[in-house]
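Work through the exercises below with the model open. Try each task before reading its solution.

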Amino acid sequence: NTVIYSWLNLQSFSDDEIREVARTLRRCSEDNGKESRGSISVEGVKKFMMERIKRRIKRNGNIIDQPDSIGIEVHEYLNNQARKFMTSFRPEDDTVEINALRISESAMKEKLIEMASTVDYRKVFPLAFSTLLVGSSVGVTIPLMPFISSSLSLSKADYGYVVSAFAASKVVGNFPAAVLVDRFGRKPFFVYSLSLVAFGVGGIGLASYMEELILCRLLSGFAVAGLSTASTMMISDISTPLNRASTMAP
């Protein structure tokens, strides 16, 4: 669905914005033949996408007046995208061939609102589950810290340094994590963060000195900062203003 929202350039997902997008799609469809009068078709969606591409190219300083000046590969890509677009709006009991499918403006608007209001649990639950596992792996070490501190003969001040190291690195790591995740993408930081958590939590059990213990806690804090930032931004990417609160809930 995020691909559809990107093509339609939806931002606020308000009724007026969705209504205007549906009206524009209908107008593009009507320009492609009388059989599409009052409805939205594959060819109309393809024309809408073509106009979006032309506008982007013009903003970059290139002028394209004829569709033929855009490569055959682009036309094939747009045709596939338009078919997938219309498939997303096809009624479940409709068996009409996709190229012959016609969708009314009101049906398009209702379906868009329904899609934007529905939580994509197939993407949300893996994120929630991984965050739960990381939180559990970090949290399970907390009851063990007094025993580890005692075995290493740490003073109360030293124990305070060990405990606060995680929180300090988490707070400090949030700022660069936000910039790096936005620049390099979300997925790499899931891998990097989980790896750092593994090293940090595993290293706590192998630490022989206070400095090693603090280093492991610092690594865990930086890892959690990266993971939580990537998770939050990923949730923002796959949600809309209509379902963001529900998507954040798990």
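The model is predicted: local features need pLDDT of at least 70, side-chain atom pairs count only at pLDDT 80 or more, and totals for chains, interfaces and linings use all residues. Residues are numbered from 1 along each chain as its sequence is written, and side-chain values use heavy atoms, without hydrogens and water.

**Exercise 1.** Find the span of helix 2 from its first C-alpha to its last.

Solution. Helices are DSSP runs (H or I, at least four residues), numbered from the N terminus. Helix 2 covers residues 15-30, which is 16 residues. The expected span is 1.5 Å times one less than the number of residues. Helix 2 reaches 22 Å, close to the 22 Å expected.

**Exercise 2.** Identify the residues that touch the most other members of the largest nonpolar core.

Solution. A nonpolar core joins buried (under 20% relative accessible area, 1.4 Å probe, protein chains only) Ala, Val, Leu, Ile, Met, Phe, Trp, Tyr and Cys residues through side-chain atoms within 4.5 Å. Among the 30 residues here, the answer is Leu8, Leu25, Phe85, Met86, Met108 and Leu112. Helices 1, 2, 3, 4 and 5 each give two or more residues to this core. Helix 3 gives the most, with six. Apart from this core lies another, of 18 residues, including Val197 and Met234.

**Exercise 3.** Classify the residues that line the second largest pocket.

Solution. Lining residues have an atom within 4 Å of a pocket point. There are 11, and Ala128, Thr131, Ser231, Ile235 and Met248 lie nearest the centre. Six are nonpolar, five polar and none charged.

Conventions
Buried means under 20% relative accessible area, exposed over 50%, partly exposed in between (1.4 Å probe, protein chains only). On a 1 Å grid over the protein atoms alone, a cavity is a set of points where a 1.4 Å probe fits but cannot get out, and a pocket is an open set with protein on both sides within 12 Å along at least five of seven lines; lining residues have an atom within 4 Å of a point. Ala, Val, Leu, Ile, Met, Phe, Trp, Tyr, Cys and Pro count as nonpolar, Asp, Glu, Lys and Arg as charged, and the others, Gly among them, as polar.
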